[in-house]
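Subject: Structure handover

Hello,

Here is the structure I promised to pass on. Please open it first, then read my notes below.

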Amino acid sequence: MDLSWIGYLRPSPTTYWTELATVLNINLDSPAFFADPYPFYAKLRSDAPICPLMSGIWLATRYQDANRILRDARFGKDFLAGVARRYGKEAVMEPAFQMVNRFMLLMNPPEHTRLRTLVSKAFGVKQAPELRYLAQRETHRLIDGFINSRRADLVNTFAYPLPVRIICALLDIHLEDSLRFLADTQALVKVFELSPIGADEIDAANRASHAFDRYFREICRERRKNPGNDLVSLLLQAEEGEDRLSEDEIIANMALLFLAGHETTANMIGNALLTLFRHPDQLDLLRGNPSLLPQAVNECLRYETSVHIAARVAMQDVAVGMVTIKQGETVYINLGAANRDPAVFKEPERFLIERAELPQKPLSFGGGMHYCLGARLARIELETALDALLRRLPELQLENIDHPSWKPTITIRGLAHLLAHW
Ligand code: HEM
């Protein structure tokens with residue numbers, strides 16, 4: 001079926017994404033779509049690579065387009081402009097929007113370059129062996145807690161708590177405190193929702209940003225008095241020439257580390273486990289040769305990544321393929337679809353942990369100036385989690401691997417539950 005017309009249409013209030021799904025007989029709300037969105041993405045990649053989703057919003061699915069948009073300075077971020085469009089000009093002053101707007105993830109140069117340089121200095125002090133030590137310590141403590149139960153939901157008992165414990169260890173804050181404000185991060189993250197959220201949700205996000213602010217301001221005060229080797233102390237000390245991070249910047253970017261480092265990694269641990277157990281030959285290969293672990297993690301990240309969408313706004317009119325993205329319009333870059341582009345990856349639908357080093361890297365951690373700051377830590381967490389589970393639970397069996405409970409979300413891909421016994 002020729003769907004190439006979709007790539008060339010000007011956007012209108014109609015959602016072509018929905019129309020396309022109707023043409024292809026795919027129900028985008030159905031569990032079947034969330035179980036396997038890849039055939040739909042393959043169709044988009046071949047027939048409508050820059051697909052208009054709705055007025056002023058496009059979806060890019062090919063690797064080359066995705067990679068180019070991520071690295072092209074003519075595309076950037078405009079968080080507060082989007083807030084003003086959705087909620088009106090006054091809303092930009094709401095504390096939650098103001099805090100999120102200080103996330104480096106949502107900044108353009110030169111502000112982004114400055115923040116990223118300073119935060120990277122602090123983050124860079126933490127060398128791989130120390131990160132690995134922390135990851136191993138927290139992983140084994142967690143497994144100690146549930147190993148005797150012989151059955152568990154690995155999403156709730158393992159994948160979700162693990163990254164939180166590791167970030168807490170890095171910041172040197174009490175786990176009990178972090179559990180308290182994990183609910184706050186969930187309230188705060190709602191401000192990223194593409195469809196407008198209600199006034200009550202904005203209020204909850206504002207309360208969360210205040211709670212964050214109070215908590216971390218106190219931590220900053222304490223670490224100024226008694227500096228340690230934790231990330232908060234390192235952020236307070238980070239300097240570039242005369243330049244330092246303000247306390248507001250530190251607080252906002254600590255919230256970012258929680259948001260960016262938690263859901264992403266938690267979902268990726270679940271996706272990686274499921275993928276390995278769905279491919280028993282590859283799992284046996286890994287069990288027989290644990291030195292394949294870094295490659296196996298890479299392949300899990302390519303094949304079933306947890307972050308499927310990154311967004312950019314055109315700062316000026318830009319031609320991409322056969323379409324022109326007008327200034328102010330948004331492109332959603334589908335990283336999950338790009339990672340399975342046959343123009344770049346040989347036999348992309350196959351999960352092969354021994355793939356030769358790829359000339360072009362999967363886009364799971366993005367690309368260009370916003371390339372994931374936590375990529376090194378995320379790889380260490382994934383390697384440690386898989387290694388420890390496979391070694392300590394040699395009888396591990398996952399249940400329902402043919403019909404796992406995928407969450408009904410497109411931006412973040414992950415499992416609601418992953419029942420297992422051993
Ligand atoms: C498997 C786990 C992870 C995945 C798949 C992932 C994915 C991504 C992606 C795709 C981006 C780029 C977003 C964009 O271009 O708009 C990003 C940015 C970022 N990530 Fe991650 N991430 C993971 C884990 C982490 C961890 C563990 C941390 C830190 C604790 C972290 C911190 C960040 C930060 C701070 C940014 C913003 C960088 C910037 O704007 O310069 N991420 N991540």
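The structure holds 1 cavity of 30 Å³ or more. This is a predicted model, and every value here is computed from it. Which residues line the largest cavity? They are Phe33, Phe34, Pro37, Tyr41, His308, Thr409, Ile410 and Arg413. By class, that lining has 5 nonpolar, 2 polar and 1 charged residues.

Next, an open space. The second largest pocket has a volume of about 400 Å³. It is lined by 25 residues, and the closest to its centre are Asn298, Glu357, Leu358, Lys361 and Pro362. Two or more lining residues come from each of helix H5 (63–71) and helix H17 (293–303). H17 gives the most, with 6 residues. The lining of this pocket divides into 11 nonpolar, 6 polar and 8 charged residues.

H17 also packs against another helix. Its partner is helix H15 (residues 247–278), at an angle of about 105 degrees and with the axes 10 Å apart. Are H15 and H17 roughly parallel or roughly perpendicular? Angles of 65 to 115 degrees count as roughly perpendicular, and H15 and H17 are therefore roughly perpendicular to each other. On the H15 side, the contact is made by Met268, Ala272, Thr275 and Leu276. On the H17 side, Cys300, Leu301 and Tyr303 take part. The contact of H15 with H17 has 6 nonpolar residues, 1 polar and no charged ones.

H5 lies across E1, strand E2 (57–60), E3, E7 and E10. It runs at about 125 degrees to E10. Those strands form an open sheet of 5 strands, in the order E1-E2-E10-E7-E3, with mixed pairing. Strand E1 (50–54) and strand E3 (75–76) stand at the edges with a single partner strand each, so one side of each is left without a neighbour in the sheet. Inside the sheet, strand E7 (residues 309–314) and strand E10 (residues 330–334) run antiparallel, joined by 5 bridges. Ile309 stands opposite Asn334 in E10.

There is also an open sheet of 3 strands. The order is E4-E14-E11, and the pairing is antiparallel. What are the edge strands? They are strand E4 (151–153) and strand E11 (397–398), each pairing on one side only. E4 is joined to strand E14 (residues 419–421) by 3 bridges, and the two run antiparallel. The bridge partner of Asp153 in E14 is Leu419.

Two backbone points remain. Most residues other than glycine have a negative phi, and most peptide bonds are trans. Here are the exceptions I noted.

- Arg150 has a positive phi, near 65 degrees, and is a residue other than glycine. Arg150 lies in the loop between helix H9 (128–146) and E4.
- Pro109 and Pro110 are joined by a cis peptide bond, with omega about 5 degrees. Pro110 lies in the loop between helix H7 (95–100) and helix H8 (111–125).

Over to you.

Best wishes

Methods. Residues numbered from 1 in each chain as written. Predicted model: local features only at pLDDT ≥ 70, side-chain atom pairs only at ≥ 80, totals over all residues. Heavy atoms only, no water. 1 Å grid on protein atoms, 1.4 Å probe; cavity = no way out; pocket = protein on both sides within 12 Å on 5 of 7 lines; lining within 4 Å. Points joined across faces, edges and corners; volume = space filled by probe spheres on them. Helix = DSSP H or I, 4+ residues; strand = E, 2+ residues; numbered from the N terminus. Nonpolar A, V, L, I, M, F, W, Y, C, P; charged D, E, K, R; others polar. Pairing = 2+ DSSP bridges. Axes fitted to C-alpha atoms, helices over the stretch in contact; angles between N-to-C directions. Parallel < 35°, antiparallel > 145°, perpendicular 65-115°, else oblique. Contact = heavy atoms within 4.5 Å.
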